[in-house]
Amino acid sequence: MSAIVAAVVRDALSSATAVTALVGSGASFRCYASYRPGTSLPAIVLTYGEDRDLSPSHQRTDQVRRLDISIDCVGETLAQSRTLAEAVRVALHGASGTGRSSTRVFEIRVLSCSTEFDIGAEGTEPETHITSVRAECTYRSPAVSPVTITDPTGPIP
């Protein structure tokens, strides 16, 4: 399920005019799951973290989950990465609705922003500024349908 929620977050970014003005749109939308040094900048790199039950129940009937997301806004200059990060923050903070496969997103909440300078690996990659926007996405997942575990060799004593 988290792969669908990850796609919904990407869809939210690709539909924000302020974001697409900086990183392109459609087939030219520079939003990746991993960064490639040859990529035109600015660009967005999405990293998905822990996907967990929000309030686990003993009967496992809960469907509300939370996915941690790191949105790295990579730019040639500090101003470029911070401008993109602000556009991402404005577009995502408080976003909600229904996405792919009727996935219900209750809220995307931006938790923090931080900036670092990457000097590149061994001088072969370009130097970049990275502003990371950390967010969490609260959504409804499908109901669980656990299997009954049985011993294939016979009854358990």
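S132 counts as buried, with a relative accessibility of 16%, because the cut-off for burial lies under 20%. In this predicted model, S132 belongs to strand β6, which covers residues 128–140. Strand β6 is part of an open sheet of 6 strands with mixed pairing, and helix α3 packs on that sheet.

**Surroundings of S132**

- The side chain of S132 makes a polar contact of 2.6 Å with the side chain of D72.
- Leaving aside residues up to four places away in sequence, S132 touches S70, I71, D72, S112, C113 and S114.

- The strands follow one another in the order β1-β2-β3-β6-β5-β4.
- Strands β1 (31–32) and β4 (97–99) stand at the edges with a single partner strand each, so one side of each has no neighbour in the sheet.
- In general, strands of a sheet pair through backbone hydrogen bonds, in either a parallel or an antiparallel manner.
- Strand β2 (residues 43–53) runs antiparallel to β3, and 9 bridges join the two.
- On its other pairing, β3 is antiparallel to β6 over 12 bridges.
- Two examples of facing residues are V64, which stands opposite R140 in β6, and D68, whose bridge partner in β6 is E136.
- Strand β3 (residues 64–75) is largely enclosed by the rest of the structure, because 10 of its 12 residues are buried.

**Helix α3**

- Helix α3 comprises 15 residues, 78–92, and reaches 21 Å from its first C-alpha to its last, close to the 21 Å expected at 1.5 Å a residue.
- Its buried residues are S81, L84, A85, A87, V88 and L92.
- Viewed down the axis of α3, these buried residues fall within an arc of 160 degrees, and they therefore line one face of the helix.
- As a general point, an α-helix has 3.6 residues a turn, so residues three or four places apart point the same way.
- The exposed residues A79 and V90 lie on the face of α3 turned away from its buried side.
- The elements that cover the buried residues of α3 include the helices α1 (2–14) and α2 (17–23), together with β2, β3, β5 (103–118) and β6.
- Where α3 packs on the sheet, it touches β2, β3, β5 and β6, and its direction makes about 155 degrees with that of β3.
- Just after α3, G94 adopts a positive phi of about 90 degrees.

- Helix α1 has 13 residues, and the distance from its first C-alpha to its last reaches 18 Å, close to the 18 Å expected at 1.5 Å a residue.
- The residues V5, A6, A7, V8, V9 and L13 of α1 are buried.
- Helix α2 contains T20, which counts as buried at 16% relative accessibility.
- Apart from residues up to four places away in sequence, T20 touches L13, S14, S25 and F29.

Methods
Residues numbered from 1 in each chain as written. Predicted model: local features only at pLDDT ≥ 70, side-chain atom pairs only at ≥ 80, totals over all residues. Heavy atoms only, no water. Helix = DSSP H or I, 4+ residues; strand = E, 2+ residues; numbered from the N terminus. Buried < 20%, exposed > 50% of the residue type's maximum accessible area, 1.4 Å probe, protein only. Polar contact = N/O pair within 3.5 Å; in protein donor to acceptor, adjacent residues only side chain to side chain. Contact = heavy atoms within 4.5 Å. Pairing = 2+ DSSP bridges. Expected span 1.5 Å × (residues − 1). Arc of directions from axis to C-beta. Axes fitted to C-alpha atoms, helices over the stretch in contact; angles between N-to-C directions.
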